[in-house]
Amino acid sequence: MKYDPEALTRHVLDCAQQGMSQADVADLLRVSRSTIHRICTTANIKLERKPREYGPNSNHYKPSGADQQHHAVGAEDGDAAKLEAASGRATGIARRTKARDQRDAAERLKAKLEGVTDKHERYEITYAHCIWEYEQMQYRNGKRDPLPSGPRRPLTTSPSMLVAAEKMKQHSIEQGNRLFALIPYDQRVTASQAAELLGESVPRTSSYLKKMWEADKIYRVRDLVEVEGCTKRQWRWVFSKQPIKALNNFFEDDE
């Protein structure tokens, strides 16, 4: 919708003299607030600020009563309110935790009794379940030590997965030994350089080097090295079969 700028400026000026805010003027003239703001900036018109209904200084948050307006009294009331809220939260959490434990216990008992038709067997299962849940509750409340762990559950991993994991482990050991033989005794190599010697990817080669370092078969040190594709030298782990020191000890020189 087109409007006359001069006429709209006069209307805004009249509204400013009546003490209206920018939002009120925009609603009255049916234009956007950004238009009113632009006109006020251009014509140097100052509008009143609309009081915030729920701002920090509004009456909605101001305490009622002369005794509450004192800072010391207000601080004490605030501390008391915080303590009461904290205790209320703790009570609620404990109540919800207890209800959840009871619900879970009932569901576990229902699962144990599923398919059991003999009366005496159901009684024994229920009795053992109640004793177990009671001991668990005593442990959660800190009134006893944890119960001894039961027999280890059998693995659910398929045999083919176990065979594949064992083959991968053996391949890693063989590649590590092969890499150890390829590294010259008096040479310093990085993970990328070792990957070129081994013909593997850099992440896998870095894993082999780390395992050999953890087994005290090689030494490593953090040093600045030339990296292909980078204009500046980069910090990398450097590995060697003999004890080595960093060639660029900038931090030690600063000390």
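What is the relative accessibility of Gln-175, and does that residue count as buried or exposed?

A: Gln-175 has a relative accessibility of 10% and counts as buried, where buried means under 20% relative accessible area, exposed means over 50% and partly exposed is in between, with a 1.4 Å probe and protein chains only. The model is predicted, so local features need pLDDT of at least 70 and side-chain atom pairs count only at pLDDT 80 or more, while totals for chains, interfaces and linings use all residues. Residues are numbered from 1 along each chain as its sequence is written, and side-chain values use heavy atoms, with hydrogens and water left out.

Gln-175 belongs to helix α6, which covers residues 159–182; helices (H or I, at least four residues) and strands (E, at least two) are DSSP runs, numbered from the N terminus. Not counting residues up to four places away in sequence, Gln-175 touches Leu-198, Glu-200 and Tyr-208, a contact being heavy atoms within 4.5 Å.

Two packed helices are described by the angle between their axes and the distance between the axes. For α6 and helix α8 (residues 202–214), the angle is about 80° and the axes are 10 Å apart; axes are lines fitted to C-alpha atoms, for helices over the stretch in contact, and angles run from 0 to 180 degrees between N-to-C directions. The two helices α6 and α8 are therefore roughly perpendicular to each other, given that angles of 65 to 115 degrees count as roughly perpendicular, under 35 as roughly parallel, over 145 as roughly antiparallel and the rest as oblique. On the α6 side the contact involves His-171, Ser-172, Gln-175, Gly-176, Leu-179 and Phe-180, and these meet Thr-205, Tyr-208, Leu-209, Lys-211 and Met-212 of α8. By class, the residues of this contact between α6 and α8 divide into five nonpolar, five polar and one charged, where Ala, Val, Leu, Ile, Met, Phe, Trp, Tyr, Cys and Pro count as nonpolar, Asp, Glu, Lys and Arg as charged, and the others, Gly among them, as polar.

Leaving aside its neighbours within four places in sequence, Ala-16 is in contact with Ile-45, Lys-46 and Leu-47; between Ala-16 and Cys-40, which are 24 residues apart in sequence, the C-alpha to C-alpha separation is 9.6 Å.

Arg-30, in the loop between α2 (22–29) and α3, has a phi near 60°, a positive value in a residue other than glycine, and Arg-30 is exposed with a relative accessible area of 76%. Asn-44, in the loop between α3 and α4 (71–113), has a phi near 55°, again positive in a residue other than glycine, and Asn-44 is exposed with a relative accessible area of 72%.

In helix α5 (residues 119–140) lies Tyr-123, which is exposed with a relative accessible area of 59%; Tyr-123 and Leu-113 are 10 residues apart in sequence and 9.5 Å apart in space, C-alpha to C-alpha. Cys-130 is partly exposed at a relative accessible area of 44%, and Cys-230 is partly exposed at 33% relative accessibility. With a disulfide taken as a pair of cysteine sulfur atoms within 2.5 Å, the count comes to zero disulfides.

For the protein chain as a whole, there are nine helices and two strands, in the order α-α-α-α-α-α-α-α-β-β-α along the sequence. Of its 255 residues, 21% count as buried, and among contacts between residues at least 6 apart in sequence, 43% join residues at least 24 apart.
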